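The entries follow the order in which I checked things.

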Amino acid sequence: MPTIVRPRDFAAERAWGALDIAHLDGITVRLHWTDAPYRWHVNDGAEVFAVLDGRVEMRWREGGQEHRALLETGDVFFADVGCEHVAHPQGPARILVVERAGSV
């Protein structure tokens, strides 16, 4: 049975609360709502991070230096294995995250 998700209508009870959309052979597709930063982390595998509503400043560390990029609605950030990163929403945001099930 098909599912339609309207990201702008989704709000969680807490920052980074999620709506599970799909589980695909060990990969999760989740819609997150947040209005607060996450924490610095490295995922167990690669991660695709797509801003569906709002703006998010993505920060990542590479070669001992911190980098930043402002992601607008429609932008996608790809964190390969080993990429340390943290998301800082600029107000409420809704983000589609595709990653290995159980990843941080």
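**Ground rules.** I worked on a predicted model, so I took local features only at pLDDT of at least 70 and side-chain atom pairs only at pLDDT 80 or more, while totals for chains, interfaces and linings use all residues. Residues are numbered from 1 along each chain as its sequence is written, and side-chain values use heavy atoms, with hydrogens and water left out.

**Sheet.** I looked up the strands, which are DSSP runs (E, at least two residues) numbered from the N terminus. I counted two strands as paired if DSSP finds at least two bridges between them. Three strands make an open antiparallel sheet, ordered E5-E4-E7. E5 (65-71) and E7 (84-89) are the edge strands, and each has a single partner strand, so one side of each lacks a neighbour in the sheet. From one strand to the next the twist averages 20°, taken between N-to-C directions of axes fitted to C-alpha atoms, on a scale from 0 to 180 degrees. Six bridges link E4 (residues 56-62) with E7 in the antiparallel sense. Within that pair, Arg 61 has Glu 84 as its bridge partner.

**Hairpin.** I then checked E1 (residues 17-24), which runs antiparallel to E2 and is joined to E2 by seven bridges. Leu 19 faces Leu 31 in E2. Two residues separate the strands of this hairpin, and Asp 25 in the turn has a positive phi of about 45°.

**Thr 28.** I found Thr 28 in E2 (residues 27-34). Is Thr 28 buried or exposed? Thr 28 counts as buried because its relative accessibility is 6%, and the cut-off for buried is under 20% relative accessible area with a 1.4 Å probe, protein chains only. Beyond four places in sequence, Thr 28 touches residues including Ala 22, His 23 and Val 97; contact means heavy atoms within 4.5 Å.

Outside four places in sequence, Val 56 is in contact with residues including Phe 49, Leu 71, Ala 87 and Ile 95.

Notes. Helices (H or I, at least four residues) and strands (E, at least two) are DSSP runs, numbered from the N terminus. Buried means under 20% relative accessible area, exposed over 50%, partly exposed in between (1.4 Å probe, protein chains only).
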